[in-house]
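Student: Could you take a close look at one part of this model for me, the place where the two chains meet? I'd also like to hear what sits around it.

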Amino acid sequence: MFMCLLLAVPAYSDDGNTILQKVDRNLNPEAFEMYRKLINIEPNGSKKEFIMYSVKKGRDQIVSVFLSPASEKGRATLRVEENMWLYIPNVGKPIRITSLQSVTGGIFNNADIMRLDYSAEYNCDRVEQQKGILILHLKAKTRAVAYDSVKMWVDDQKLLPSKIECFASSGMLIKTLYFKKTKDFGDGLIRPAVIETDSPLHKGYKSIMIFAKMKKRELPNEAFTLNFLSRVESLR
Amino acid sequence: MSKAPVAYSVYVMSLFLAFLPPAFGQDEYRFDLSEIEKEIEKKPYHIGGFLEFRPILFGLDTDAAFYKIKFFDQDQGSTLEQYNFGLRLEGSYQKGIAGLYFRTDSLLWYDYRGWDKDMTLLEGYLSLKPNPSQTLNTGKEVVQWGKGYAFNPVSFVSRPKNPDDPTEALEGYYVVTADLIKSFGGPLKTLAFTPVILPVTENINDDFGKADYINFAAKLYFLLWDTDMDLMFFTGESRTPRYGFDFARNIKANFEIHGELAWITDFKKKSIDPQGNLSTQESDILRALFGIRYLTASEITYIIEYYHNGGGIDKDDAQNFFRFADQAYDTFLSTGESAPLTRTAQLSQATLATAKPMRDYLYFRASWKEPFDILYFTPAAIAIINLNDQSFSLTPEFVYSPKTNLEFRLRTAFLIGDNHTEYGEKQNDYKIELRARFYF
């Protein structure tokens, strides 16, 4: 019993929030572009794939646009802090959406697709150290964040996450993210290239996110504005 | 009714199924970054669009004014069918800072009048983007302004949306537009200026307004204290001057509010007397919209909008029109004289036959994303209520995308109202529409 208590005591030299910031920087540079393939797998094995191009700047600006399938092509989403807008080519103008709104089907929601830095949205309340692993207990800074709390398993050497559990305010587990297949993206960026997700709320369903061509890119703030949203694809 | 359209329907549905991508196996995904990198390789050009098949069944209301105006000398029975076939083509070509864009609609349809077709260039313009802060476009382009979902009173240089299908692509006007964007730190995060030049001649933009004038409009956008705000104006001789303001803001993470105000000077308000005479009176009018978007924990999105059209037909004038239509039909039945019905039809074109022609409307939409674990399935219910005469339309809708790039939408609109009300006097009691789209 005494041993168990000892294991639960924070024993890492950095405090939790500093570790979280390091995890953020290891997952991606502060300003970068990337491509992601999203695969939704249904219990019967059928799949639907989406490809997105995204650009992020600073802690609180991200814009994404679907490149495929054809039915979604050109659909773009902009997030600046908790403000979020959706542009649908048919509609011809961006509309402000609630930041919890989902822009595509499947288990991934906007919080995953348009994710800001974890340290921008969560405070680390507590760190547990286990053999080779740090478990960060994160609490949402505001009620606007999709998950009320998050438990993050982090490799204590590489400071990269291997698993994240996302909880509702009731304490119910909403989904689990598994980080896999660590890859060297160049320019010192070594991180998992795959995130698999499942959810007890959607038994048998699985969503996969594969990262490609992630690299540093500094763009002016004007690229993260409502007026530019219809033209995001031209940044590629 | 010929059997040909039914045969065409079966043929077209078979084509949709034939176009389906091959079913995926039960394998897990493949992790092959080189394959993904090949898929994301950027090409300078793009061609895409969709094929559409859209059969509609209209349930006719034989007692309604608009049925009598249209079919007074025909017996169409209790239902009408229409078969619509569409091809949307969209394309772009980009070289350096210049890009060319186009969007066309080609339609072929069959109804009680036989076959007909139409082709429209919705948009086609050249765009210059030297950097993310500056854009210059010229050509036919949709310039949509406003924050409303179903109505946009401040959209001064675009065609009006169809509130029954507000997310459908519109046809643009020939314009020259620019976009100048500046970002800042502090409470004012973005400032953007969008000037528009819209010429009207006998051949260009001739349905916009009076010909042989060059019109100017502009919009100034602010993202200030996390609130979107726009100020806009329109000036020129083709239409009377107008000034607008709109805003949108997230009150909570799942609750958004928005609104629009448009002040239109010297607007020609129409009224109809009991003898069916149309008169106009010039006055300044206000068009306004206030709306909310609310997302529940179970992913039901509610959109509710109130729309006031100060230039709309008022309730008394609408009742005068419907009484006049009744009289014209009675005259036809008793004497065979159809001229009063022809006059009623002409009168309706400028007044009650237009989309949402009266003063006050409430729009309601509730859509539920993927209920009961059915992926890519969204049922919705839409209601548009005419607050002046309490008539309304109620439309349940189901959208399902069973396979990549294939989408089905089934909706049934019920039009409900008393005699001499907008929805009570529509040609149809109900309308059932299936829309199948295959995107490529």
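**Where the chains meet**

Tutor: Chain B puts 59 residues into the contact and chain A puts in 55. Keep in mind that this is a predicted model. On the chain B side that touches chain A, the elements giving two or more residues are helix 2 (33-39), strand 6 (173-183), strand 7 (188-200), strand 8 (213-224), strand 10 (242-252), strand 11 (255-272) and strand 12 (278-295). By type, that side of chain B splits into 24 nonpolar, 17 polar and 18 charged residues.

Now for the nonpolar cores. The largest one has 77 residues, and A:Ile19, A:Met52, A:Val63, A:Leu78 and A:Leu136 touch the most other members. Take A:Met52: beyond its neighbours within four places in sequence, its contacts are A:Arg36, A:Leu38, A:Ser64, A:Val65, A:Phe66 and A:Leu67. There's also a second, separate core of 20 residues, with B:Val143, B:Val157, B:Phe234 and B:Phe267 among them.

Last, a helix pair in chain B. The axes of helix 4 (residues 315-335) and helix 5 (residues 339-350) of chain B come within 8 Å and cross at roughly 155 degrees. An angle over 145 counts as roughly antiparallel, so that's how helix 4 of chain B runs relative to helix 5 of chain B. Their crossing is left-handed. Helix 4 of chain B brings residues including B:Phe321, B:Phe324, B:Tyr329 and B:Phe332, which meet B:Pro340, B:Leu341, B:Thr344 and B:Leu347 of helix 5 of chain B. Sorted by type, the residues of this helix contact come out as nine nonpolar, two polar and no charged.

Note on methods
Residues numbered from 1 in each chain as written. Chains lettered and ligands numbered in written order. Predicted model: local features only at pLDDT ≥ 70, side-chain atom pairs only at ≥ 80, totals over all residues. Axes fitted to C-alpha atoms, helices over the stretch in contact; angles between N-to-C directions. Helix = DSSP H or I, 4+ residues; strand = E, 2+ residues; numbered from the N terminus. Parallel < 35°, antiparallel > 145°, perpendicular 65-115°, else oblique. Left-handed = near helix turned anticlockwise from the far one by under 90°. Contact = placed C-beta atoms within 7 Å. Nonpolar A, V, L, I, M, F, W, Y, C, P; charged D, E, K, R; others polar. Core = buried A, V, L, I, M, F, W, Y, C linked by C-beta atoms within 7 Å. Buried ≥ 20, exposed ≤ 12 C-beta atoms within 10 Å, placed from the backbone.
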